[in-house]
Amino acid sequence: MRTAPTILHLDMDAFFASAEQASKPSLRGKAVIVGGLGPRGVVSTCSYEARVFGVHSAMPMAQARRLAPNAAYLVPRFGLYRQISEQVMGLLRELSPLVEPLSLDEAFVDLEAGETAWDEASALLAARKLRDDIRAVTGLTGSVGLAACKMLAKIASEQAKPDGLVLIEPGTERALLAPMSVRILPGVGPATGDHLRRGGISTVGEIAEAGEDELVRLLGKAHGLALYAMALARDERPVVAERDTKSVSVEDTYDVDIHDRVRVRMEVQRLADRCVQRLRGAHLSGRTIVLKVRRYDFSTLTRSETLRGPTDDPAVVREAAARLLEAVDTTGGVRLLGVGVTGLADYTQEDLFAQARAAAAGVEEGASGERVEEAQVGGGAGAGAGAVDVVESAGGEPAERVWWAGHDVRHVEFGHGWVQGSGLGRVTVRFETPGSGPGRVKTFRVDDPLLESAEPLPLVEPLPAGPAAPGEG
Ligand code: DCP
Ligand code: MG
């Protein structure tokens, strides 16, 4: 293991909610909750102001509304989050070629591989500059952890939250980990946590005391050895850059258009399974599930849903594909169906643990128990089309006038704003932009011809290109 804290872990603070606050001045400093707003919606995330009420990611939206009735409730805008994510990942790639994204807002960076840092002082310097750059480029804050291995770098960024920087000095890892819950270790989800507790082990220090043999006895060889090593802060996992393969997908064209909705659903499930087989065959997992539908009139649409982390679980892919299908009208018949997975990553270490454990125990139970979190889809997309991100849609999709809470609009007279709410034939719009002060609210008829949906505005005015501004230096 390396001796300098040159592995960096970045995690943006309250990512979706912060992006919403940055783009909507009236929500800054307020409780903001982003997620599916339908009856079965779940919370994607919430601002730190909302967390004091006990609201958190993956909570049913109905429960959040009881806890924080006065918060602002918004539907996610994945396009905007993806743009910000690309800006952030771009800044990370300036530090090193070895950047391993874990989700839209989270990544490991090997600073040594980028020759950006080789000791504590240079690592701190790079991390401080990175945090400044992220704020300047995106207008948002991210928390950074520095350590000599991935596991500790991630724990450090968690400790740094929100808007902080924590460095764990090499040599202090074991003492730091000892009192922590075993759940802090990668590969320990609820099932393994319970199993260890029944064996009398609840802290990392107790794993170290129990010894290697006891861990192997409790969890089987592969998982036991790996976990024991983690408890001693021996984490040799390298930072691996994202794979070149862009996506894995399968599709079928049908000789005769399928009209029966039940049959369409079955075909989608079958395609999802085949897609996962390919994914696993290539030792990959992916974050974004894509459904492709070509209809009787050759109009083709693609819908996608981004999960919180990469998955290769057939149940998760099947469910996501089924949810995406629910938002697609197939009356008239379909000629072609496809299911794909993009946002590919190598198996995460967590997955390897789950597999090793399932293999050792000869059951799937443990593995699926710990995938629960993964299944909590970005935006709680169970809530219907509002949480579904339309990537591409061709062939004359009829444009429905749906005003989603939080989405951007433009009014011919009043300019750029966002939908604060709608109902009873009316839509309420707040007119403000990232650079303005808090704006005024106006109400319109939902079919007002002067109102149209709009693209999100950049959170930070791009700097004018060219030489440095005069007077600098
Ligand atoms: N997300 C989601 N569903 C979840 C968890 C997260 O859709 N169950 C989305 C919304 C988050 C983003 O992923 O903004 C990043 O997840 P994080 O776990 O990093 O949470 P946040 O960035 O929101 O907050 P924190 O400051 O705790 O990192
Ligand atoms: Mg985050």
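Leaving aside its neighbours within four places in sequence, which residues is leucine 227 in contact with?

Modeller: One caution before the details: this is a predicted model. Leucine 227 is in contact with Leu185, Gly187, Val188, Ile207, Leu215 and Leu219, once neighbours within four places in sequence are set aside.

Now the setting. Leu227 belongs to the largest nonpolar core, which has 79 residues. Along with Val32, Ile33 and Leu152, Leu227 is among those with the most contacts inside that core. Helix α4, residues 78-95, gives the most to this core, with 8 residues. Domain 1 (1-171) and domain 2 (175-231) both contribute residues, so the core lies between them. A second core is separate and has 22 residues. Val248, Ile289, Leu324 and Val339 are included in that second core.

Next, a sheet whose strands can be traced one by one. Five strands form an open sheet, and the order is β5-β6-β1-β7-β8. Its pairing is mixed. The edges are β5 (99-103) and β8 (165-167). Each edge strand has a single partner, so one side of each has no neighbour in the sheet. From one strand to the next, the twist averages 15°. Helix α5, residues 120-138, packs on this sheet. The helix touches β1 (7-12), β7 and β8, and its direction makes about 165° with that of β7.

Look at the β7 and β8 pair. Strand β7 covers residues 142-147 and runs parallel to β8, with 3 bridges joining the two. One pairing to find on screen is glycine 145 with its bridge partner in β8, valine 166. Glycine 164 sits in the loop between α6 (150-160) and β8. It is partly exposed, because 16 other C-beta atoms lie within 10 Å, and a residue needs 20 or more to count as buried. The C-alpha atoms of glycine 164 and glycine 142 are 7.4 Å apart, although the two residues are 22 apart along the chain.

Then there is strand β6, residues 106-110, which holds glutamate 106. An unreviewed UniProt entry annotates Glu106 as "active site". That label comes from the record and may be inferred rather than shown by experiment. In the model, glutamate 106 is buried, because 20 other C-beta atoms lie within 10 Å. Glutamate 106 touches Leu10 and Asp11, not counting residues up to four places away in sequence.

Another sheet is worth a look. Here 5 strands form an open sheet in the order β17-β16-β15-β14-β18, and the pairing is antiparallel. The edge strands are β17 (440-445) and β18 (451-453). Each has a single partner strand, so one side of each is left without a neighbour in the sheet. The twist averages 40° from one strand to the next. Within this sheet, 4 bridges join β14 (residues 408-411) to β15 (residues 415-423), and these strands run antiparallel. Arginine 410 has histidine 416 as its bridge partner in β15.

Last, the whole chain. The protein has 16 helices and 18 strands. Of its 473 residues, 42% count as buried. Among contacts with a separation of 6 or more, 65% come from residues 24 or more positions apart.

Note on methods
Residues are numbered from 1 along each chain as its sequence is written. Chains are lettered from A and ligands numbered from 1 in the order in which they are written. This is a predicted model: local features need pLDDT of at least 70, side-chain atom pairs count only at pLDDT 80 or more; totals for chains, interfaces and linings use all residues. A residue is buried if 20 or more other C-beta atoms lie within 10 Å of its own, exposed if 12 or fewer, and partly exposed in between; C-beta atoms are placed from the backbone. Two residues are in contact if their C-beta atoms, placed from the backbone, lie within 7 Å. Two strands pair if DSSP finds at least two bridges between them. Axes are lines fitted to C-alpha atoms, for helices over the stretch in contact, and angles run from 0 to 180 degrees between N-to-C directions. A nonpolar core is a set of buried Ala, Val, Leu, Ile, Met, Phe, Trp, Tyr and Cys residues joined through C-beta atoms within 7 Å. Domain bounds come from an automatic or database domain assignment.
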